[in-house]
Amino acid sequence: MNKKNKPLFSEFPPVTTEQWMERVIADLKGADFDKKLVWKNLNGFNIQPCYNSEATITPLKNTGENSQTLVNYRTVPVCCAETGNELAIKAIDEGINGLIFQLTDTVPVVELLKGIDLNTITVAFELNKNVTTFIKDLVAYAKEIDLKGYINTGVISNYVTTGQLDNSQTQNIADLVKLTANFPHFKAITISGTEYLDSGANQVQEIAYTLNALVFLTEQLKTKGIAIQDVFNNLNVLLAIGLEYFVEIGKFRAFNSLLAEIAAKYGVTEYANTITAKTSIWSKSVTDAETNLLRCTTEAMSAILGNVDGVLIDPYDKEFKNPSDFSSRIAGNITTILREESYFGKVSNPVDGSYYIEEVSSKIAEKALELFKAIEAQGGFYKAFENETIQQQIAEIRLQKLKLISQRRTPMVGINKYPNLMETIDSSLLSKGESANPKVLTPRRASLEIEAIRRTTEEFVSATNKRPIVELSSYGNLTMRKARAAFAYDFIGVSGYNVLQEKSFESAEQAAELSAKSDSDVVVMCSSDEDYHETALAFIKTFRALNETKVLLIAGAPANMNELTEAGLDGCVNMRSDVIATISSIQSKVQQTIKS
């Protein structure tokens, strides 16, 4: 082979797995490899930190193809045809090529779609009332047009969130399939899986339950005279996008592969479904809401790399108010930039051949197929939901996720890590932390319990016109006191209290005396373990002799915590601390002290 055709980097010898492991183990300096580097995912499988050609990986088939005509959707609420049309035209002017009209009832199709070129703009309709009448008008209006998009009657969404299954909707869907028979690019059947992920499910559950629901609806439509081929040709699948970037890429690829397997079981080898991905509710925040823009961007990236046909990005402020013109436009710009400037919509399947992605995709597909089969063996989707098997399985994963968030092992910027202490927020926008009905699925933010902590603070500030002050009292070893002060600043900042910058003192005695006399409501001791061993007990005794009411905490985990607690220490903040339990305890004592 001449130099011109020489493979890139061929002059570098390949590194074997054995060589890589030797180097990693040496760098870990005795630390446990599995604990430090292996990702124990909540989907039930472990993800290694590195894969190469030596790995035994069987790539999935039928993982979809990167969409060269990716649809950038925007939701258009329709209170009347005129207003809906104005919002739609505005969206198109801002670069949107896909419109999802949310209708509460039918409106005149001609007025709603006036001035919209249906040859270039994809249109979808969310409607479960008088839907057949509306689609008849749409078909008549678009009879000379290659209509593209879908209709979502919410048959599965409504069932899993209310527990009520409207059997008449099956006949409506069958009628829609027949009405739109001459529009191969307009999908009459939408199966939604967003409710699972947004209720706390993992990716394996989202895939499995969505496919179970598809089988259930397919069997229902068969009784209405709809051919299986027509079901798959008319299918649009709506899936949520979570924060686990690589896992989400694998999820969409795995879904495509399993969908092909199920179609094959029905004797369908070729079909023309679409997959629409929507940014999740679960991952969004009300506090430091602008960080939602970053979450939406990575979510959209993973969905596009996972070979979806369309992406719907919610405005970053949707969770706490009606989206503004600015937030709506920015949301649409994210997909436009990824598609046009980052070439995400112009490169054919860029993740194919990645050992890491192939392994993740295969593992997700394997686990999802196992769960799918288990649900079918128990009687299928409807029976599993009626006896609450699905709800209970999701609840187990949700509790694990919330525990990781509360322990800050799953970091979420602006929620449990790096809170914006300059931000003031209306308490009415924050959750009260109410419990949901276990018999149905309730899409929600993962941050609700932490929001309830912040709400407690904001309501207290509103009632007393005083925001509690936290003082970081540091002394001793320079490196450790600064590190622990920074940790405490970040940890307690979640409460919404006024956390002051670190105050450094020359000695523990000075720190105790001045902190006890300051205007602060909470004091956090910040130093090294060695300093704590020598001076923590004296610090607490000196502090309590001067002040019996302030909350006194220690940053770290001293070995003699029982002794320190008996002397007057209220608690500690460290890597093992639960942010909800710890801050709730602080709030309780602070509010009691201030009110008294």
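**Figure 1. The largest pocket of the predicted model has a volume of about 1100 Å³.** Its lining counts 31 residues, and W39, E244, L404, R409 and T410 are the closest to the pocket centre. Four elements, α2 (33–37), β1 (39–40), α12 (291–305) and α16 (389–406), each give at least two residues to this lining. Helix α12 has the largest share, with four residues. By type, the lining holds twelve nonpolar, ten polar and nine charged residues.

**Figure 2. The second largest pocket has a volume of about 910 Å³.** Here 37 residues form the lining, and A272, N273, T274, I275 and D309 come closest to the centre. At least two lining residues each come from β3 (71–78), β6 (149–152), α11 (245–265) and β10 (274–279). Helix α11 gives the most, four residues.

**Figure 3. Nine strands form an open sheet with parallel pairing.** The strand order is β7-β6-β5-β4-β3-β11-β10-β9-β8. Strands β7 (186–187) and β8 (189–192) stand at the edges; each has a single partner strand, so one side of each lacks a neighbour in the sheet. Within the sheet, β5 (residues 122–126) runs parallel to β6, and four bridges join the two. V123 has G149 of β6 as its bridge partner.

Figure 4. Strand β10 contributes at least two residues to the lining of the second largest pocket.

**Figure 5. Y316 sits in the loop between β11 and α13 (325–341).** Is this residue, Y316, buried or exposed? Y316 is buried, because its relative accessible area is 13% and buried means under 20%. Leaving out neighbours within four places in sequence, Y316 contacts A289, E290, N292, L293, F326 and S327. A31 is 285 residues away from Y316 along the chain, and 40 Å separates their C-alpha atoms.

**Figure 6. N130 has a positive phi of about 55°, although it is not a glycine.** Most residues other than glycine have a negative phi. N130 is in the loop between β5 and α5 (131–141). With a relative accessibility of 42%, N130 counts as partly exposed.

**Figure 7. E388 also has a positive phi, about 70°, and is not a glycine.** The loop that holds E388 lies between α15 (381–386) and α16. E388 is buried, with a relative accessible area of 18%. Helix α16, on one side of this loop, supplies at least two residues to the lining of the largest pocket.

**Figure 8. The whole protein chain contains 22 helices and 17 strands.** Its C-alpha atoms fill a box of roughly 85 × 70 × 50 Å along the principal axes. Of the 596 residues in the chain, 52% are buried. Among contacts with a separation of 6 or more, 76% are between residues 24 or more positions apart.

Terms used:
Residues are numbered from 1 along each chain as its sequence is written. This is a predicted model: local features need pLDDT of at least 70, side-chain atom pairs count only at pLDDT 80 or more; totals for chains, interfaces and linings use all residues. Side-chain values use heavy atoms; hydrogens and water are left out. On a 1 Å grid over the protein atoms alone, a cavity is a set of points where a 1.4 Å probe fits but cannot get out, and a pocket is an open set with protein on both sides within 12 Å along at least five of seven lines; lining residues have an atom within 4 Å of a point. Grid points are joined across faces, edges and corners, and a volume is the space filled by probe spheres set on the points. Ala, Val, Leu, Ile, Met, Phe, Trp, Tyr, Cys and Pro count as nonpolar, Asp, Glu, Lys and Arg as charged, and the others, Gly among them, as polar. Two strands pair if DSSP finds at least two bridges between them. Buried means under 20% relative accessible area, exposed over 50%, partly exposed in between (1.4 Å probe, protein chains only). Contact means heavy atoms within 4.5 Å.
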